[in-house]
Amino acid sequence: GVNAGYLYPRESEFREMKSLDGFWDFYIPPKFLQNSFCHEQEDLPHFGLKSGHGKLLRMPVPASFNDITVDVDLRDYVGIVWYERSFFVPSSWKNQRVFIRFASVNYMSSVWVNGNFAVGHEGGHLPFEADISSLLNFGKSNRVTVSVSNVLSNVTVPQGHLLELNTSTEPRVVQTYSFDFFNYAGIHRPVVLYAVPTTHISDINITSSVSAQNDVYNASLSYAVNVDGDAFDVECRINLIDGDGVVRVSQHEGCQGVIFISKAMLWWPIFMSPSPGHQYTFEVKLINTEGVVVDIYRLPIGIREVKMRGNSILMNGQPVYIRGVGKHEDADIRGRGFDLPIMARDVELMKWMGVNCYRTSHYPYSEESMQLADREGFMVIDEAPAVNIEYFSEELKLKHERVLAELIRRDKNHASVIMWSISNEPRTQFNQSEPYFRYLRDSVRAMDPTRPITIVIFKSVELEFSGHLCDVLCLNRYNGWYLNEGHLEAIAPAVIDEVRAWYKKYGKPVIMAEYGGDTMIGLHRLPSFIWSEEYQEDLMSEHFKAFDVLRSEGIFIGEMIWNFADFMTSQKYIRVGGNRKGVFTRDRQPKAGAFVLRQRYLELAHEL
Ligand code: GCB
């Protein structure tokens, strides 16, 4: 549910953690049981996976399960799989509250501890947890069992469809979906066990506003701390601590209030300040009626204010131009699995190219990557996992709203997040999309009135029913690729005409959120020819001509190449070992296009 698990677990004097990552038992049910929760499946958590009749393997956590083995049935698996492991809980945790927390399981999961149901969750990419104190054996061994289903339907976010295929042996259920990235599944992000005091900090909300007086910034932070347990018996003491460990402001009043900071060091995007990504530590101490500290939580925060004025996004009053990339959490073998080295490498490559922003296309990224963006000063367009919505219904709308609530609850305190993206390429040519997205836009606005909102559009300007709901128009358009492939000379006029038409229709500034073309590294053609590195370079340069014209007209505020790196897709004849629109390969080495982008982005960074 929306009420738990969104405060990132951190150790402190009062908080202990234990990682449950590593090899887990992994169970594939016998074929005839893969799509249903019938008897044998219901008994599994009780007796353990070893009691079943399926296939037992060892599976690394976190990782997608699809690309670990050489088994095509597992790669293309549709249905329920199971994970299980044992762990010890120290006796010293007995008088605390113990939670198990999954940072992401894709798509639908249920969790049992020692055979007892603990929690269920629908939707990949967002965390969930359960207080399992009453289910544990303290000072002894325990068992956790997790079922994972990767089935997508009309009422999942994102949507997908099952088909039955006749084969030479038996009919086979296959999953289809209209988005192109591979539907990886499994326990994708870390699993932790953590213990907190019975009365503890359960959530923190912070918003900052900034005022400038001759180059000096004063800021005010509004904060609210939620307490779980005997909330009436505790008070909050807040310290705002700077990077050097010095307490800048100390406030004793309460769990809700406003802190004023004179001469604040603001959070600035990368390239906009000599010290981008500045953070303070927001330290909360819970104090009981005897004046004794009972819990401490420390949240890194950046002080900054995002605002729209006219056609500009202002960061601390300064207009920003987005030099961006669309990305994926995707890598060889681990699929969508959490991967710190890839995350760190991506940050280095983005810095090298002069990137100042990325979109979490097409789902929320890991909490660690959001923290890294805060620290490095990247701006993030934070996207819900609602990609390619085709069928609109009341049930889907409410699920989509819950996913947005979970996303905002998780990411609201990140300085890097400058905008919420409700959806990527929904079918907004249909009338029903208007009330659907109006409802969600209003809901997001109510949950977070501080950030602009977008829907990433790909329909044509004449037949489109959602642009008026957006604060910024994000447009995906593949000139020189899906449109007029091979015709580089047609790119610039088409982009200019279309962006002007969008601006004219809705009066909102435009970001080109995707453009690009597939490129096989090592394929060279003179003159350039589609799929060659030269073609990607030329395609980009033609877009830049249009972007510069539109920028000078004041209606265009950002460009984002599709994609940062090559990534895996489902099997399609237009895909060669995946989508090759990356300016980097899947193993993060540059194609020629990366150098072209770098030159432009660094020039723009210094000119702006
Ligand atoms: C799009 C989608 C993106 C695809 C891309 C492509 O419009 O938003 O997910 O990967 O096109 O390369 O086809």
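1. Two strands pair if DSSP finds at least two bridges between them. Helices (H or I, at least four residues) and strands (E, at least two) are DSSP runs, numbered from the N terminus. With that in hand, take strand β20 (residues 280–288): 8 bridges join β20 to β21, and the two run antiparallel. Within this pair, L286 stands opposite D295 in β21.

2. A word on the model. It is predicted: local features need pLDDT of at least 70, side-chain atom pairs count only at pLDDT 80 or more, and totals for chains, interfaces and linings use all residues. Residues are numbered from 1 along each chain as its sequence is written.

3. Now the domains. The protein chain is divided into domain 1 (16–150 + 185–196), domain 2 (200–304) and domain 3 (318–607). These bounds come from an automatic or database domain assignment. Between the C-alpha centres of domain 1 and domain 2 there are 36 Å.

4. Back to β20 and its sheet. The sheet is open and has 4 strands, in the order β18-β17-β20-β21, with antiparallel pairing. β18 (247–251) and β21 (293–301) stand at the edges, each with a single partner strand, so one side of each has no neighbour in the sheet. From one strand to the next, the twist averages 20°. For such angles, axes are lines fitted to C-alpha atoms (for helices, over the stretch in contact), and angles run from 0 to 180 degrees between N-to-C directions.

5. Another open sheet also deserves a look. Its 4 strands follow the order β1-β14-β5-β9, and the pairing is antiparallel. The edge strands are β1 (16–19) and β9 (128–131), each pairing on one side only. Neighbouring strands of this sheet are turned by 20° against each other on average, direction ignored. Which residue in β14 stands opposite M17? Y194 does. β1 and strand β14 (residues 191–196) are antiparallel and joined by 4 bridges.

6. Strand β10 (residues 141–149) has two pairings to check. With strand β4 (residues 80–88), β10 pairs in the antiparallel sense over 9 bridges. There, F88 stands opposite S141 in β10. With β7, β10 pairs over 6 bridges, also in the antiparallel sense. In that pairing, M108 stands opposite S149 in β10.

7. Some backbone details call for a second look. A cis peptide bond joins V61 and P62, with omega about 0°. P62 sits in the loop between β3 (55–61) and α2 (72–75). A cis peptide bond also joins N106 and Y107, with omega about 10°. Y107 lies in the loop between β6 (105–106) and β7 (108–113). H125 is not glycine, but its phi is positive, near 75°. The place of H125 is the loop between β8 (116–122) and β9.

8. Next, what UniProt records. An unreviewed entry lists residues 69–197 as "domain: Glycosyl hydrolases family 2 sugar binding". Over residues 69–197 the chain is 3% helix and 47% strand, and the end C-alpha atoms are 42 Å apart. The unreviewed entry also lists residues 306–604 as "domain: Glycoside hydrolase family 2 catalytic". Over residues 306–604 the chain is 35% helix and 17% strand, with the end C-alpha atoms 21 Å apart. UniProt positions follow the numbering used here, feature names are shortened, and annotations may be inferred rather than shown by experiment.

9. Here the pairing is parallel. Strand β29 (residues 453–457) and strand β30 (residues 473–476) pair in the parallel sense over 2 bridges. The bridge partner of I457 in β30 is L475. β30 also runs parallel to strand β31 (residues 510–514), joined by 4 bridges. C474 has I511 in β31 as its bridge partner. From β30 the chain crosses through helix α7 (residues 491–506) to β31, and this β-α-β crossover is right-handed. That is, with the strands pointing away from the viewer, the path from the first strand over the helix to the second runs clockwise.

10. Last, the ligand. Which residues are around the ligand? They are F179, D180, H362, N424, E425, F458, N476, E514, W562, N579 and K581. A residue is near a molecule or strand if its C-beta atom, placed from the backbone, lies within 6 Å of it. The shell around the ligand divides into 3 nonpolar, 4 polar and 4 charged residues. Ala, Val, Leu, Ile, Met, Phe, Trp, Tyr, Cys and Pro count as nonpolar, Asp, Glu, Lys and Arg as charged, and the others, Gly among them, as polar.
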